[in-house]
Amino acid sequence: MHILLENVFKELGGRQILNSLSLEIPQGQTYCIIGRSGTGKSVTLKHLVGLLKADRGKILIDGINMVGFQDRQLRGLRKRMGYLFQSGALLNWMTVGENVALPLIEHERQLSRSEVLRRVREKLALVGLQDAEDKLPENLSGGMKKRAGLARAIIRDPELVLYDEPTSGLDPVMSSQIDEVIRDLQTELGVTSIVVTHDMASAYRVADRIGMLYEGQIIEEGTPDEIRSTTNPFVRQFIQGDTKGPLTAESSTDPFTGSKKTARVKDS
Amino acid sequence: MILLRPFEAIGSQILDTAFKAGYSLTLFLRSVACLGGIFEKRKSIASQLYICGVQSVGITLVVALFTGMILALQTGLVLQRYNIEGFLGTVILVTLCREMGPFMCAFILAGRVGSAMAAEIGTMNVSEEVDALRVMSIDPVRFLVMPRIISLVIFAPVLTVFTNFVGVLGGSIVANLQIGVEYSVYFGKIFEYLEDPKTTLEIFYGGLFKSAVFGCTIAVIGCSNGLRTSQGAVGVGKASRKAVVDSFLFILMLNYFMSSVINRFFY
């Protein structure tokens, strides 16, 4: 799936979250969105699946502008996507196996029970949860819930997978395993992925390109190597985790150029 | 400006109520549109029938038993004064079947099931589970709301029949032990009254129709409050409370209008 966002604006609770956000992700690429908490990373993902509607701007998925689509129109598009929620968002009254099987049961009714079971077990093994099939979500740790959520997100081999902090709460070994799953989906199936993360080690491992979101806009974009060696003080502070710098101070520095800020005309 | 504040508050309350009513009505219509998928959701409906219905039977029957006994005691004492206590069974039957049975069941279901529906769906909403359904292209109305409405539309009338039956039985015990009415007289007058088919139709089917409408109202209001939940645990508590209060209000209002229509139809 080819993704293009053009000048997307979104205000929530009186705050401008997305402020003329523009972004292009070619088909088959893994794009990491990094940025501090509350800068609109998850909001961006939610716009791509239509859970939030943009106030202005265009969101084109394979050339189709989905802004203004109703739930019914979005359904066809969503069937081609997978979404991993921060919390996993598993249905609490269903076992892990039933949760993972749900998209297949709802949308691929022609599949036999044994085929559904085979695919569920395959995906659970992929995320290291082969022993958790019969467990209820309440008996899982946060990381396990997230991995079960990932298995559910990819059960129908989607063309686009959106990951909302896939490695937060996971140990380093499991984080690497999840990163491998993301990479394998890209190399083997050509899946387009958008990963929202704070975990820079993970971002460097999985991303083809990384973009930093700040004040509702992508202020810097590049390959992992380009981001590592950036001179932009905002990005440098974020990737190095410094407590002092333009991100934590009322800055007069322009986040795009790193130079002293002058009045910038925003697109509308 | 201070003088205008009460009007602003009233206006905002009216707008909020209109929005809630509109949302609930839309939810009901969307659930009706999902009825085509009723067979696919049979397991979910069966599970809701058990959770919402079967588990409510015990408490409803206890309430029904004592309501029948109280009715018998209070009405019996008055009827005794005019030496017409023989009609006590008929009075209790008519009172329960026409009004008290459906009404009592609805109140119990609103408090027990409506609030639970709002809390359950509300929790799902704040923990992004409802969003997860949407993202999986699963319509939350078809998946969550429709089975709950169907289960209450089916079970509320069933529960009302049990309530009426147990209430009449409870009344017979008090009628016999405290008012001095023989069981044969108590039940004899009831069967005599039911000989007219029009009366039977009115008191039974009128009451059962009301129950089905109440069941539908409770489920729609519970689910609607759940789906509009925000603000975490506080929001879930608020949704649960609102579901009960709104259900009580709607049941009272609908009961009046339905009673008027049913009475006009039969008399």
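Trainee: What makes Arg75(A) and Asp139(B) a salt bridge?

Mentor: In this predicted model, the closest N and O atoms of Arg75(A) and Asp139(B) are 3.8 Å apart. The rule asks for a side-chain nitrogen of Lys or Arg within 4 Å of a carboxyl oxygen of Asp or Glu, so the pair qualifies. Across the interface of chain A and chain B, five salt bridges are found by that rule.

Trainee: How is the area buried between chain A and chain B made up?

Mentor: The area is about 1,800 Å², and carbon and sulfur atoms give 58% of it. Of the part that chain A buries against chain B, Arg75(A), Trp93(A) and Glu106(A) supply 25%, more than any other three residues.

Trainee: How many residues are in contact there?

Mentor: On chain A there are 23, and they meet 18 residues of chain B. Nine residue pairs are in polar contact between the chains. Helix H2 (71-78) and helix H3 (96-107) of chain A each supply at least two residues of the side that touches chain B. The largest share, four residues, comes from H3(A). By class, that side of chain A has eleven nonpolar, four polar and eight charged residues.

Trainee: What makes S1(A) and S2(A) count as paired?

Mentor: Pairing needs at least two bridges, and these strands have eight, in the antiparallel sense, so they count as paired. Leu5(A) stands opposite Leu23(A) in S2(A).

Methods: Residues are numbered from 1 along each chain as its sequence is written. Chains are lettered from A and ligands numbered from 1 in the order in which they are written. This is a predicted model: local features need pLDDT of at least 70, side-chain atom pairs count only at pLDDT 80 or more; totals for chains, interfaces and linings use all residues. Side-chain values use heavy atoms; hydrogens and water are left out. Contact means heavy atoms within 4.5 Å. Buried area is the accessible area (1.4 Å probe) that two parts lose on being put together, summed over both. A polar contact is a pair of N or O atoms within 3.5 Å; within protein, one must be able to donate a hydrogen and the other to accept it, and residues adjacent in sequence count only if both atoms are side-chain atoms. Ala, Val, Leu, Ile, Met, Phe, Trp, Tyr, Cys and Pro count as nonpolar, Asp, Glu, Lys and Arg as charged, and the others, Gly among them, as polar.
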